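Have the viewer open, and try each task before you read its solution.

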Amino acid sequence: MLKVNNLKVNFGGIEAVKGISFEVKEGEIVTLIGSNGAGKSTTLRTISGIVKPVDGSIEFEGTDITKINSSDIVKMGITLCPEGRRVFPDMTVLENIKIGAFLRSDDLSNDIERCYRLFPILKERNKQLAGTLSGGEQQMLAVARSLMSRPKIMMLDEPSLGLAPLVVQDIFKIIQEINDEGVTILLIEQNANMALRIADKAYVLETGKITMEGSGKELLENESIKEAYLGKKK
Amino acid sequence: MNGMQFLQHALTGISVGGCYALIAIGYTLVYGILRLINFAHGDIFMIAGYFMIFSFAVLPFPIAIIVTLVLTTLLGIGIEKVAYSPLRNAPRMSVMISAIGVSYLLQNLATYLFTAIPQPYPEIPGLKLRIEIGNISTSFVTLITPIITILIVVGLLYLVNKTKMGMAMRAVSRDYEAASLMGIKLNQTISFTFAIGSLLAAVGSILYFTDRSTVFPYSGSLPGLKCFVAAVFGGIGSIPGALLGGFFIGICETIIKAIGLSTFSDAFTFIVLIVMLLIKPTGLFGEKNIDKV
Ligand SMILES: Nc1ncnc2c1ncn2[C@@H]1O[C@H](COP(=O)(O)OP(=O)(O)OP(=O)(O)O)[C@@H](O)[C@H]1O
Ligand SMILES: [Mg+2]
């Protein structure tokens, strides 16, 4: 579904992504793990058309989308739920949900109901300003907002960042639910343990390069991964 | 000053204030979306005056008004495209300098093309009609200016708060990247904002110059500065703030002139700016900061 070939991204003189290739198949949950500054966010922002690569290509459902602008990329069915949530703080919860469907002009009521079903708290808070929500609620809102574009593939950048363990579990459960409803998932996580557990396929990104790949289970059991990302000593 | 005289001056003040408000909104909208003080805004207002003079000379007045509104809107969009949009990722100071450059360019261009001699502003039929209400004598334009202003502001608030385009404007003014991720087109939204700001400056220009009767290349600079102060006073970024700021500056200025302190009236505006910046830098309705990081 989504194919990234030899992608290179620079910021000024810094090479943030140094020629990575990976693939996301339809219906899968794929995760990209790696430490701070590895280039994970940059990869997703490049797929979304926010950042332009210096080399390489991105293919979605057989179309080259490397040079397409971010608005058309959303229209094609790719959405990014960005790092740090980035909800619009001075809009209400409901407005935030609606703005996720900015490019759609059909009826939204079913989709809004779906968001409320996944995240009942958002229904309770729908008139509240998003900036006054707690961190976990904001993350749920960000996921709901991304869903509103009816994506074929949803990219999530560290959805568990700064959340309490219980909330993290909720979020991961919902990511799986969304996947069960037919949305392909590309997930970035520092919380490698959780991410690998739900992933069909995983890639490890280190300073701009992919150093390892395999099924979620394989990487969970890999000794060097255990040491570097799962905080376990040999 | 007796009651009647006071009312008379208050009416004039409200009218001038209405014009100021229309221009102040342009500052506020552009600041909201680009965090840029568009120093060229007063000069766009001045050029709108010339657009009216020349289109009125060859066209019947209703069409001349439309031509003026359209040309001014296009001028605003054009300035953004040429002078600001290439600097989207540059430091804010560079864009500001570019704005100052555009301001001087427009003034000098107007001097070069139309000379520095004040040109008579056309009289739009009906607008200068004298109207007597009791002992108060005023012109039609003075009466309708605040009404037009308030209607426009109501329409604008609806646009910003209830329409999709308004939603895009609010999103872009908060967070470029998050807005792009929603599929919102930045450049299109920014152009639209400049279009609205310039259109309002054109309306303000017609109402303002009809009352002043002449236009010259610098007739935008002082009103421009005053309206900037009005926008800061009301809280830059806020539309109701700009409206209130415009009325406040207009009324105070007229009353100060009326009590015989004409020479002091412009200085007053800037005292307002300084006092406001000292006691409440975010203005009356300044942006509430509720960001959670
Ligand atoms: N806009 C930018 N300008 C300059 N350098 C940048 C920019 N964005 C990212 N970088 C650099 O690119 C590298 C990769 O950053 P990126 O945000 O992709 O890392 P990450 O893997 O998402 O890290 P984290 O887990 O901390 O979010 C870093 O060295 C970062 O400093
Ligand atoms: Mg990141």
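The exercises below use a predicted model.

**Exercise 1: the surroundings of ligand 1**

Find which residues are closest to ligand 1, then work out how the protein surrounds the ligand.

*Solution*

Step 1. Start with the shell: 14 residues surround ligand 1, and the closest are K40(A), S41(A), T42(A), E83(A) and Q190(A).

Step 2. Sort the shell by class.

Step 3. T42(A) has a side-chain N or O atom 2.4 Å from a ligand oxygen. For K40(A), a polar side-chain atom lies 2.6 Å from an oxygen of ligand 1. In E158(A), the distance from a side-chain N or O atom to a ligand oxygen is 3.0 Å.

Step 4. Finally, trace the shell back to the elements of chain A. Two or more residues each come from β2 (14–24) and α1 (40–47). The largest share, three residues, belongs to α1(A).

**Exercise 2: a pair of helices**

Determine how helices α6(A) and α7(A) pack, and which residues meet.

*Solution*

Step 1. Take the geometry of α6 (residues 135–147) and α7 (residues 165–180) of chain A: the angle is about 10°, and the axes are 11 Å apart.

Step 2. Name the arrangement. Angles under 35 degrees count as roughly parallel, so α6(A) is roughly parallel to α7(A).

Step 3. List the contact residues. From α6(A), G136(A), Q139(A), M140(A), V143(A) and L147(A) meet V167(A), I171(A) and I178(A) of α7(A).

Step 4. Classify them: the contact has six nonpolar residues, two polar ones and no charged ones.

Note on methods: Residues numbered from 1 in each chain as written. Chains lettered and ligands numbered in written order. Predicted model: local features only at pLDDT ≥ 70, side-chain atom pairs only at ≥ 80, totals over all residues. Heavy atoms only, no water. Near = heavy atom within 4 Å. Polar contact = N/O pair within 3.5 Å; in protein donor to acceptor, adjacent residues only side chain to side chain. Helix = DSSP H or I, 4+ residues; strand = E, 2+ residues; numbered from the N terminus. Axes fitted to C-alpha atoms, helices over the stretch in contact; angles between N-to-C directions. Parallel < 35°, antiparallel > 145°, perpendicular 65-115°, else oblique. Contact = heavy atoms within 4.5 Å. Nonpolar A, V, L, I, M, F, W, Y, C, P; charged D, E, K, R; others polar.
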